[in-house]
Amino acid sequence: EADRGNFVLTDAIEDTSEWLPILEGLSSIVSHPHIDVRSKALSTLFAIFNNSGKLFSPRFWELTYHCVLLPIFDSAKESGGADPDTEWLNTTCFNAAQSLITLFTQYFESINFLLPDLLELLRDFIAQGTGIIEDIASTSFYQLVRDNGVYFTRQMWSSVVSFLEEILLKDADLMRRFMLHPAEPTISPQPPSSSSSAEHTPVVQ
């Protein structure tokens, strides 16, 4: 439970050896060919984050992002210019991306240092040059700024502006898509738990 004194998960071997294998196992199942299996793995994975993320130290969040969350999107980032499984993109990948941004919003105060990593993931999506993946990137970016922009520091906004400048230089049409209100995902991401963005205090620096 989250109220067990000062219990916090860190990068200590006793924490990583117990938690990471479970989380990595669920992450790997998200690429399963059967949608019901991968959907259950995805919902279970993010339920764990929603319920237990308050126990994670910043270092444990960093490990979790790179070892558990980022690998979910490997096939989308490495499609080599051609869309991978369209069904997986339109359902599981889209939902995973939305759930990742929702998680970032939920624990913004603890994991806002991961903003550059999130923007880098969106860059990887855009680099594939395929419509579906670019739509996932634009919708995720919109959600990221809509739900967290009020809490961004000047440095964070500088990173966002630099990201948009890169897109403009790459493709003006793509830039317009990023600036327009995107369509809502067909599968709704897991709603935030009690530590929702509504409890954040806006940051002004």
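User: Is Arg59 buried, partly exposed or exposed?
Analyst: In this predicted model, Arg59 counts as partly exposed, at 38% relative accessibility.

User: Which residue forms a salt bridge with Arg59?
Analyst: Asp11 does, and the closest N and O atoms of the pair are 3.3 Å apart. Asp11 is in the segment before helix H1 (13-29) and Arg59 is in helix H3 (residues 58-69), so the bridge ties together parts 48 residues apart in sequence. Asp11 is likewise partly exposed, with 42% relative accessibility.

User: How many salt bridges does the structure hold?
Analyst: The structure holds 6 salt bridges. One of them joins the side chains of Arg38 and Glu87, at 3.7 Å from N to O. Arg38 belongs to helix H2 (residues 35-52) and Glu87 to helix H5 (residues 86-106), so this pair links parts that are 49 residues apart in sequence.

User: Changing topic: where do Glu120 and Arg123 lie?
Analyst: Both residues lie in helix H7 (residues 115-127), 3 residues apart, which is about one turn of the helix. The side chains of Glu120 and Arg123 form a salt bridge of 3.2 Å, N to O. Glu120 is partly exposed at 39% relative accessibility, and Arg123 is partly exposed with a relative accessible area of 23%.

User: Which residues do salt bridges with shared partners join into one network?
Analyst: That network consists of Asp11, Arg59 and Glu62.

Note on methods:
Residues are numbered from 1 along each chain as its sequence is written. This is a predicted model: local features need pLDDT of at least 70, side-chain atom pairs count only at pLDDT 80 or more; totals for chains, interfaces and linings use all residues. Side-chain values use heavy atoms; hydrogens and water are left out. A salt bridge is a side-chain nitrogen of Lys or Arg within 4 Å of a carboxyl oxygen of Asp or Glu. Helices (H or I, at least four residues) and strands (E, at least two) are DSSP runs, numbered from the N terminus. Buried means under 20% relative accessible area, exposed over 50%, partly exposed in between (1.4 Å probe, protein chains only).
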